[in-house]
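Hi everyone, thanks for coming. Please have a look at the model on the screen, and then I'll walk you through it.

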Amino acid sequence: MEPAVISDYKEPAPLAKEDPLTSMMRRFDVAAHLLNLEPGVYEYLKTPVKQIVVSVPIAMDNGEIKVFEGYRVIHNDILGPSKGGIRYAPDVTLDEMKALAAWMTWKCAVMNIPFGGAKGGVRCDPSKLTPLQLEKITRRYTANLLEILGPERDVPAPDMNTNEQIMAWIMDTYSMHMKRTETAVVTGKPLILGGSLGRKEATGRGCMIVTLAAMERLGMKPKDTTVVVQGFGNVGAVAARLLWEQGCKVIGISDISGGYHNKKGIDLDKAAEWTARNRTLAGFPGGEPVTNEQLLELACDVLVPAAKEDQITRTNAGKINAKIICEGANGPTSAMADPILQERGILVIPDILANAGGVTVSYFEWVQDRVGYFWSLERVNRRLEKMMKSAFTAVYETANRYDVSLRIGAYILAIDKVAATLKLRGIYG
Ligand code: NAD
């Protein structure tokens, strides 16, 4: 990556590659330039404060030892303890962790949450591991990170292929070593172990709230709005359902097996029943089958990419046929696609705002664990709505003030906040 010197900033050349870290840095550079960030502060904010690579050996069922590689990147902890998910996947890399950790810093800053940003993962294929092997990996990974983790230091959460059970094992392993139960060391836990009501649906709910806020700005009414959602997991299925409950017509849904299109609207109750029974959308009778590539190009008012990174790139950005894109996933749009979408007048609600409902209710969970008093679902949802709406307004106004996209507006807001905190705290050493 080019070491950008802010004072010598030039219009960036096209990127040779499209990946999350390159995309994150490109947007960071644009926002840093508009903020006239001092080169020293720029250097500080682009560099993760800690990058940890650990070896995670476990004994397999036949006694054979297998060694996995685990990562935890703390991008920044100037606003508070670092916060970010843990991902189990065969293609996890340190670079991916760096991008995702930085996004967490910006996301928490946009939301006004007193957390820094982190991300972790283990390179493994969970579909090929037994529950016992997953438990061993989780406990050894946690034990290797004991000096890093802690309610006041670094607080993980679920991400792709990790769930409530894995969070419970992390909490238990940490607590065993601390000789006391420490629920606030991790969020996204089962309710009975100090989880929060509303956490599971929070990311999809946040997507719905900011989509409605964007629609209001564009004078769009839910009953006249068509929606296409890519990904039918924790984020996509909830976002689709809640937008549907608001009166929108959901005309396309998909998961990794493929998509379904129905101009008359898809019944989300039926789709949920189908996936509950079959664990996949494959064979869903409620629409015409389409590929995931076709799904993204369907004519609609709102497109919610809620599956994975780099789905909208320079290759297909010119064919996206939506008025609003609400980024449920992290990094679904590459930096090279940004100007194409902007040119075409498509309003993109960026990931660091659109999917921040999850970390917001994780913050509520951490607060409830530390106080030892648990809130009603109604209180969780009301506070989530208030925070999402005010973050949307702040991003919208910043974007208008600088005459940039909502994405760059969100980066400006976040970087400015972290840089101002750094100035006040100063550099120790
Ligand atoms: P999930 O595993 O519950 O669901 C992912 C969905 O995407 C599944 O339906 C899967 O079949 C589908 N999918 C996977 N690969 C696909 C492909 N190539 N094409 C189409 N569909 C595909 O995961 P999730 O928790 O819903 O997370 C989805 C995205 O949202 C990720 O980028 C994640 O980092 C981000 N995110 C999640 C949360 C959260 O609270 N869960 C919070 C913020 C951001």
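Let's begin at the ligand: one of its oxygen atoms has a backbone N or O atom of Asn234 3.0 Å away. That is a polar contact, meaning a pair of N or O atoms within 3.5 Å; within protein, one must be able to donate a hydrogen and the other to accept it, and residues adjacent in sequence count only if both atoms are side-chain atoms. A polar backbone atom of Ile256 is 2.9 Å from an oxygen atom of the ligand. How much of the ligand's area does the protein bury? On its own the ligand exposes 830 Å², and 81% of that is buried by the protein (accessible areas come from the Shrake-Rupley method with a 1.4 Å probe).

Before going on, a word on where this comes from: the model is predicted, so to speak of local features we need pLDDT of at least 70, and side-chain atom pairs count only at pLDDT 80 or more, while totals for chains, interfaces and linings use all residues. Residues are numbered from 1 along each chain as its sequence is written, and side-chain values use heavy atoms, with hydrogens and water left out.

Now the surroundings. There are 20 residues around the ligand, and Thr203, Phe232, Val235, Ile256 and Asn330 come nearest (a residue is near if one of its heavy atoms lies within 4 Å).

Next, the domains. The chain has domain 1 (48–183) and domain 2 (202–354), with bounds from an automatic or database domain assignment. Their C-alpha centres lie 29 Å apart. Domain 1 gives 9 residues to the contact and domain 2 gives 6 residues, where contact means heavy atoms within 4.5 Å.

About 720 Å² is buried between domain 1 and domain 2, with carbon and sulfur atoms giving 59%; this is the accessible area (1.4 Å probe) that two parts lose on being put together, summed over both.

Last, meet Arg87. An N or O atom in the side chain of Arg87 is 3.2 Å from an oxygen atom of the ligand. Arg87 also forms a salt bridge with Glu309, the closest N and O atoms being 2.8 Å apart (a side-chain nitrogen of Lys or Arg within 4 Å of a carboxyl oxygen of Asp or Glu).
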